[in-house]
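Student: I'd like to learn how to read a few features of a model. Could you take me through them one by one?

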Amino acid sequence: MDMKTLHLLVPLAPLAGAVAAGLFGKQIGRAGAHCVAIFGVLAAFILSVVIFQDVQAGNTFNYSVYTWMQAGGVNFEVGFLIDKLTVVMMLVVSFVSLMVHIYTIGYMSDDPGYQRFFSYISLFTFSMLMLVMSNNFLQLFFGWEAVGLVSYLLIGFWYKRPTAIYANLKAFLVNRVGDFGFLLGIALIVAYVGSLGYTEAFDAASTMAGMEVAGIGWPLLTTVCICLFIGAMGKSAQVPLHVWLPDSMEGPTPISALIHAATMVTAGIFMVARMSPLFELSETALSFVLVIGATTALFMGFLGIVQNDIKRVVAYSTLSQLGYMTVALGVSAYSAAIFHLMTHAFFKALLFLAAGSVIIGMHHDQDMRNMGGLRKYMPITWITSLVGSLALIGTPFFSGFYSKDSIIEAVHVSSIPGSGYALFCVLVGVFVTAFYSFRMYFLVFHGKERFGKPHHEHEDGHGDEHHGLASGQKPHESPWVVTLPLVLLAIPSVVIGYCTIAPMLFDGWFGNAIFVGDNHLQGLVEIKEAFLGAAGMGLHGFITAPFWLALAGVAAAWVLYMHKPGWSAAIQRKFAAIHTVLENKYYFDRFNEIVFAGGARALGSGLWRAGEQELIDGVGVSGSSRLVTMVGRLAGLFQTGYLYQYAFTMIVGVFVLLTFWVLKVIL
Amino acid sequence: MTDIPLLSLAIWIPILGGVLVLATGSDANARMARVVALLTAIAGFAITIPLYACFDASTAAMQFSELRPWIEHFNINYHLGIDGISLWFLLLNSFITIIVVIAGWESIQNRVAQYMAAFLIMSGLMNGIFSALDGVLFYVFFEASLIPLYLIIGVWGGPNRVYAAFKFFLFTLAGSLLLLLALICLYNETGSFAILDWHQAGLPLGAQTLIFFAFLIAFGVKVPMWPIHTWLPDAHVEAPTGGSVVLAAIALKLGAYGFLRFALPIVPQACHEYTWLVLGLSLIAVIYIGFVALAQSDMKKLVAYSSVSHMGFVTLGFFLHNQLGIEGALIQMISHGFVSGAMFLCIGVLYDRMHSRQIADYGGVVNTMPKFAAFFMLFAMANSGLPATSGFVGEFTVILGAMQANFLVAFLAATTLILGAAYSLWMYKRVVFGEVANENVARLTDLNRREFFFLALLAACVLAMGLYPFPFTEVMHASVENLLQHVQQQTALTPPPL
């Protein structure tokens, strides 16, 4: 078969699965729905592997599939750009999606919305593939919004829960704020380049660098890049547009793994890497990216420490890791960002799915304070979680080590404004990451068994559904459809870094897909010269600062949650102010709720009352009708119908006229 | 093919069909009235299909022209013709008529024949408006179309229907009188009532300005533009579902169409001079009305305000003076016809069951009406401009056009991305999601086959247009380019002294 046909089949296979499971779910039944959906994603994965080999052999594609619309001399097209950056994303997306599809069979087995769920996650896979395979901004925007839509549908999957339907609306609207910037960036490119194609935009990058935005005088390219990055801040949950991601945990766990950890939230990272020919020419935009990323990496990590919900810990960890990727983009280490994106996709999906497995074992209780000692009952989940945590904190030879260390190195050698702050953030972040990861690990799998206590209250508003283990009940290991994906994800979480760091970061494997300007190349070349090979780097890892910081984090977690559990409460009391700030997530939510949501509602009803009802309808419409009535009444006063009044008026009139005439003649 | 007077047929088949339906008389023959109405509507739509099939996209000239003398003394003619700007509106109008007839099938039980006839006659008159090339003919159709809509609101409307019908009538009549003045003034200047002759009038700037403001108010009321829009929410709220659908899908387009057919080509220099004014009013419509929509507690009012906001995009696009802007605005008009029509139908489906339009009376509808919830979701998303739905195409293109004109205009226009999603989805959340809110919601039944059919039809249109808008813009290029060229040439000339 023609390669182009294969390209087309990659997104269409999951789409077909989504349509079949969604529209004909009742007819094909549960098994039918998951078979057809899994088949679609499996086909996408296999085809991605084939395409990977083709690209590896040196072929790249950049072509239009069909012309969507023409207007104003601009061609709006749907087309594919298949290069090394694309295939990495295609493999990650289709593989993680496949794992999540299999896992879902077990996780959602009792849910009445089974078919609908499969339809949504297949639709998501389609949208995400369209996003990463695009060769133009139109399709990028389509994919961008489509993944947002599916995310909205899936966060609100349990549509009866007030918290879920609050969270999904919030997620959609916050993402729309990002998309607002994104759209302006795209519109600027179309206005100044006259095309939606990547190639045309990249070719015009240096011209744009010298231009200004007409009317406001801002430097054009910087404005474009910052606008595009605002889109990335929404999708990839960077401060201050991160607020939707923790709440998105209201959705079922499989989608937290797929959408809110491994794939969709990395769309922003991918997009900036894809746009590297533009960002490279704007130092200001890169600094902006760097500072936002560093802030997210550190300060979102802190929040992970105070969470008690197992999924929320992983969610904050995701925010923090997305910050690391953004930092890498800011220091022009695009390949390191993509590398971390890939390793993170594996171990974070693993951690989420393992958390889901724990949640199944705990009968949908997510509070870590009710867990403890689960390693005895859930051995596979335990081991795979440990693997995921070790990868996350950057233990040498694990995949996360290679990617995170490369980012830290790149920040270290960078001289872009803000890199000092970023270095501080990413280093402290290593300690924080290790601390919250192992806090979670110890609380869940080690220590005293705290489950099976008489029933406690739930604050999370899950309604009357029965949650948690009954008294005396024990957790149990999950079925094989759940544990198999865990094992399959654990393998790359360990080895993928070791295997791919050399080609992806140092041998220029990405080729033309990623562009780094000459002025930023210096530091990266230094790192490359110091690179000792994957094994050497791993060994060297034991004597670098990040390793000791991570170790300190693990040790601290062990002391506070295993060795002296009383201390953590004491510390919490001592630093109550800080703890309150962290518990309230730096008050972002409250601020948004009052200022933006409340403000918009107040403004709306204010305008409605004052502007519409009182001013326009009251003064304008009713006013003019009153005016007409009044004039009518006044005129009516003279129409009395009494002859003597008319006669009297006439006489007065004649008299007045006569007086005038007489006076005029005399004077 | 060209020998058949297609345009005349498109106008007179529905009107004569309407008269025929009237002849079936009392409600005893209601079934017959419905069937005849449906057949007429289908025939009316069928006759517009060859208009698209035989349309020559390469020329900006008027096609399918018909010219017969009417009142020779004043040089008034029965002159019809369409170009790439008007073509889609005939199809849209005739298509929506079918939907409206089906939608009123069961929910209208009183004076069925009169109801159906009103819609059919209006449909014919609307086709007349979109194809008239003679000023007087246009005016006659324009005015006549008020009457059926007035009756629909006044007879089959809600409790406050008389107020709403009067408000509607007075607003539009005030505008129409100004239009009449402008038309007579143009006749005095040029000695002709042919719209195409007026395009070449080249009036002095003073006269242009006066005529421009007459047009602005006459068509602005119809669009409706801020601040002369307040008749619309009242009319929508009181109108029966079918009335709202036609009002939103077709009637609002008349005003916008007027800007393209009259204002821009006839008084180009004045339009150029007052671009800032129209852009300002349009942006107010997009933003201010967006916030007002957020505050509504009545679903129909909310969608009505959302209509005003979306139509703001249309007038915005027209006055950007570039091709992206105008074509995007035209696309937005067609899409708005599908989407707002569908939104009102969805609300009608709920209203038929619950007899309430208050958002607060609903909650958890998805539990009892899952199919309905799926359709409603699609249309709410289209209303907030999601890609792959028709709502995206026009908004996106207009924003691109706005950026070509001015960063700030694009910035303000793009806020619709947030506002549109906020009011559409917040309403959706409160109505559809959640636990079953009360016993009435618990008793709801899902869509019947008839409702499913017309919503599916509109859903197909919304998706098709979102996935492949190419055919929609393809036929516009020549006409829009020609219009822009004409405006540009005219504004480049120094206007003759007063």
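Student: Let's start with a proline. Where is the place of Pro227(B)?

Tutor: Pro227(B) sits in the loop between α9 (205-222) and α10 of chain B. Helices here are DSSP runs of H or I with at least four residues, strands are runs of E with at least two, and both are numbered from the N terminus. Before we go on, this is a predicted model, where local features need pLDDT of at least 70, side-chain atom pairs count only at pLDDT 80 or more, and totals for chains, interfaces and linings use all residues. Residues are numbered from 1 along each chain as its sequence is written, while chains are lettered from A and ligands numbered from 1 in the order in which they are written.

Student: And what is the peptide bond from Trp226(B) to Pro227(B), cis or trans?

Tutor: Here's the general idea: most residues other than glycine have a negative phi, and most peptide bonds are trans. The bond from Trp226(B) to Pro227(B) is cis, with omega near 0°. Chain A has a cis bond too, from Val239(A) to Pro240(A), again with omega near 0°. Pro240(A) lies in the loop between α9 (220-235) and α10 (244-247) of chain A.

Student: Which residue other than glycine has a positive phi?

Tutor: Tyr587(A) is one, with phi near 65°, and it lies in the loop between α25 (576-583) and α26 (588-638) of chain A. Another is His364(A), at about 65°, in the loop between α16 (334-361) and α17 (379-393) of chain A.

Student: Is His364(A) buried or partly exposed?

Tutor: Count C-beta atoms, placed from the backbone: 20 or more others within 10 Å of a residue's own means buried, 12 or fewer means exposed, and in between is partly exposed. His364(A) has 14, so it is partly exposed, whereas Tyr587(A) has 12 and counts as exposed.

Student: How many residues of helix α10 (residues 231-238) of chain B are buried?

Tutor: Eight of the eight, so α10(B) is largely enclosed by the rest of the structure. Among them are Trp231(B), His236(B) and Glu238(B). What covers them includes α6 (146-156), α7 (161-190), α11 (241-266) and α14 (299-318) of chain B. Over the whole chain, 63% of the 498 residues of chain B count as buried.

Student: How do I read a helix pair, say α18(B) and α22(B)?

Tutor: Two packed helices are described by the angle between their axes and the distance between the axes. The axes are lines fitted to C-alpha atoms, for helices over the stretch in contact, with angles from 0 to 180 degrees between N-to-C directions. Those of α18(B) and α22(B) (residues 449-467) come within 6 Å and cross at roughly 40°. That makes α18(B) oblique to α22(B); angles under 35 degrees count as roughly parallel, over 145 as roughly antiparallel, 65 to 115 as roughly perpendicular and the rest as oblique.

Student: Which residues make the contact?

Tutor: Ser390(B), Phe392(B) and Val393(B) of α18(B) meet Val462(B), Met465(B) and Gly466(B) of α22(B). Contact means C-beta atoms, placed from the backbone, within 7 Å.

Student: Last one: how many residues of chain B are in contact with chain A?

Tutor: The size of an interface is often given as the accessible area lost when the parts come together. Counting residues instead, 45 of chain B are in contact with 47 of chain A.

Notes
Contact = placed C-beta atoms within 7 Å.
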